[in-house]
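These are short notes for a first reading of the model. Please keep the sequence and the structure open while going through the points.

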Amino acid sequence: MILAQQDCGCQTVVEGASILNSTACSGTYLFMVLLQGYLWGRCEIATPCKRIESIDETESEYDFIVVGAGSSGSIVAGRLSENTTYKVLLLEAGGPEPLGARVPSFYKTFWGHDEVDWQGRAVPDPNFCRDQGELGCQWPLGKSLGGSSLLNGMMYHKGHAADYETWVEEGAEGWSWDEVKPFMDLAEGNRQVGSLVEGKYHSETGRMPIQTFNYQPPQLRDLIEAINQTGLPIITDMNNPNTPDGFVVAQTFNDNGQRYTTARAYLAPKSERPNLSVKLYAHVTKVLFDGKKAVGVEYVDKNGNTKTVKTTKEVIVSAGPLTSPKILMHSGVGPKEVLEPLGIPVVADVPVGKRLRNHCGATLNFLLKKSNNTQSLDWSALTDYLLELDGPMSSTGLTQLTGLLYSSYADKSRKQPDLQFFFNGLYADCSKTGVIGEPAEDCSDGYKISANAVALLPRSVGHVTINSTDPFKSALFYPNFFSHPDDMNIVMEGVDYLRKIFESQVLQEKYKVELDPEYTQECDDYKAWSRDWKECMIRLHTDPQNHQLATNAIGKVVDPQLRVYDVKNLRVCDAGSMPSPPTGNPQGAIMVVAERCAHFIKQTWQ
Ligand SMILES: Cc1cc2nc3c(=O)[nH]c(=O)nc-3n(C[C@H](O)[C@H](O)[C@H](O)COP(=O)(O)OP(=O)(O)OC[C@H]3O[C@@H](n4cnc5c(N)ncnc54)[C@H](O)[C@@H]3O)c2cc1C
């Protein structure tokens, strides 16, 4: 049964990128059109009364200007505007949050979508991402309200205690686990305390809803059985310090079957928060200075008009680890050897962009030769979602499973696993007809799934720089993956674990799992699973995670209160502020950075 459109008390505005012209499901198929219509008819999904509307014009002056409404900027602006005496402006280059992104199974639908993804590319390098040729590694980067929290896989990990101890060693004084814990609690709104996770390690009262997805496909249970059969640990909570390693159905940024971006969790519409102004399609080009003091920003609006807006207190740059460096450098804050040749007057000579760290690994594709080759998105899945927020649309399929293990390079006493595993496939994201049992036409060789092994404490360090003063031109990203040999060895150990899992009896008997021959053919000169074969596969099918960080690191570019060195009234608060990688999915730690950033600002101006 499909319900009629509900009366939500406010009119639903269908805006932002559509699921219909996504890369995952190209073409306007009748079923997808109907599906989109039905979704927007449900008040709890569309939440039209909570819609964040863009202001038409900015005023001349605000107390605080936040640049970028992504994972961190939305938190900073949301928290600052809780003080109703502050006038806060949040500038975002992208548009509104597309409602389709709220459906977990559409989590990949918006990758590569012009309206919501900057579609970053690293500078091509023959040592990695060879399957991308001259294009270089592909890095999806969110461009809308919510930023990359709109595109991400939603997995919640807050880092291990040793990660924060490393930050302190690297100059982030005051950022030890015990010191950041209260800010984790402000962010975490765990819905499963008592039923799945222990209260002493989790908070129920934070802003961001967190829980496991309601639905797991049957193949996921078989995969878990296979992992168990392999002798690897299965755990229930990867954020419990007593179980740092093991495979787990992850808790995610989701509330009962719906994605939560930080924008959705922290921002409020103007009717509820009149002192918060959000301006969408506002591309910030630079921070303006009076001497060494930040006094405002310049931005270009949707119509191409250049505008300036002043601050009476501070500018906070939260444009993400790959873009904040560009904005700073265009403003004269950066290494003088980069700025001077471009004719940019140097305001402060600080090492912006000099360190770029990222989790990195490799992807293997497998075929399930014995599997049912049908679409998992159909009328039944849609009905389950509309009526119960359950079923295949309410989860990310195999992607909700992850694993953390120690490689032989890890120091186990630090309880800081250095390998992570991801799985991919069997999510309901596209169908032409919605008919139950519709064949999955593009998988004629058997059902395809993939798995990734990723190094979490990479020794390789890259950098971000600019070679142009054009603010619309992307910065240059040099990730330098595998420049340190340990990283290759660690990923190889991860690949060995994947082999064990996929060769396990349960997966062979039930699904007859095989490496996808199309995917391995460029490495077929080497014996499968030999060291040379693994190296060939890792350099060919490199899996750079979208966990870039440390480009504006605490202790290097910003002080422990996230203030940019050698200038006044300017902070950088985003993934780039983290000095070194958390050993897990980073958004949990990024939320801590943003919560703390807002706290420091409030303390400064109280
Ligand atoms: C595909 C993908 C999957 C991921 N999966 C996970 C996961 O499962 N779990 C996890 O913890 N992490 C995951 N991550 C990582 C995590 O989402 C990011 O690390 C995090 O969102 C980065 O937050 P940020 O605030 O630094 O940047 P962003 O969230 O990227 O925000 C930057 C914002 O600034 C805006 N902006 C940029 N330039 C300008 C400008 N000039 N003017 C105005 N605005 C501008 C952008 O449009 C964007 O909205 C994933 C990331 C991606 C992309």
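1. How closely do the axes of helix 3 and helix 15 come, and at roughly what angle do they cross? In this predicted model, the two axes come within 8 Å, and the crossing is at roughly 35°. The crossing of helix 3 and helix 15 is right-handed.

2. The residues that make this contact can be picked out on both sides. Helix 3 contributes Ser-71, Ser-72, Ile-75, Val-76, Arg-79 and Leu-80. Among their partners in helix 15 are Gln-587, Ile-590, Met-591 and Ala-594. Sorted by class, the contact of helix 3 with helix 15 has 10 nonpolar, three polar and two charged residues.

3. Next, the ligand. There are 40 residues around the ligand, and those that come nearest are Gly-68, Gly-70, Gly-147, Ser-148 and Gln-587. Helix 3 (71-80), strand 9 (283-290) and helix 15 (587-605) are the elements that give two or more residues to this shell. By class, the shell has 16 nonpolar, 21 polar and three charged residues.

4. An unreviewed UniProt entry places the feature "binding site" at Val-284, Pro-586 and Gln-587. These positions are spread over 304 residues of sequence, and they are also spread in space, with up to 25.1 Å between C-alpha atoms.

5. Pro-586 is in the loop between strand 22 (570-572) and helix 15. Is Pro-586 buried or exposed? Pro-586 counts as buried because 29 other C-beta atoms lie within 10 Å, and the cut-off is 20 or more. Not counting residues up to four places away in sequence, Pro-586 touches His-547, Leu-549 and Ala-575.

6. Gln-587 belongs to helix 15. With 26 other C-beta atoms within 10 Å, Gln-587 is buried too. Leaving aside neighbours within four places in sequence, Gln-587 is in contact with Ser-71, Ser-149 and Asn-152.

7. The unreviewed UniProt entry also lists "domain: Glucose-methanol-choline oxidoreductase N-terminal" at residues 142-165 and 320-334. Residues 142-165 are 21% helix and 0% strand, with end C-alpha atoms 29 Å apart. Residues 320-334 are 47% helix and 13% strand, and here the end C-alpha atoms lie 16 Å apart.

8. A last point concerns helix 14 (residues 531-540). Which of its residues are buried? They are Lys-534, Met-537, Ile-538 and Arg-539. The cover over the buried residues of helix 14 includes strand 14 (360-368), helix 11 (485-502), helix 13 (517-520) and strand 21 (542-544).

How values were computed:
Residues are numbered from 1 along each chain as its sequence is written. This is a predicted model: local features need pLDDT of at least 70, side-chain atom pairs count only at pLDDT 80 or more; totals for chains, interfaces and linings use all residues. A residue is near a molecule or strand if its C-beta atom, placed from the backbone, lies within 6 Å of it. Helices (H or I, at least four residues) and strands (E, at least two) are DSSP runs, numbered from the N terminus. Ala, Val, Leu, Ile, Met, Phe, Trp, Tyr, Cys and Pro count as nonpolar, Asp, Glu, Lys and Arg as charged, and the others, Gly among them, as polar. A residue is buried if 20 or more other C-beta atoms lie within 10 Å of its own, exposed if 12 or fewer, and partly exposed in between; C-beta atoms are placed from the backbone. Two residues are in contact if their C-beta atoms, placed from the backbone, lie within 7 Å. UniProt positions are given in the numbering used here, feature names are shortened, and annotations may be inferred rather than shown by experiment. Axes are lines fitted to C-alpha atoms, for helices over the stretch in contact, and angles run from 0 to 180 degrees between N-to-C directions. A crossing is left-handed if the near helix is turned anticlockwise from the far one by less than a right angle, and right-handed if clockwise.
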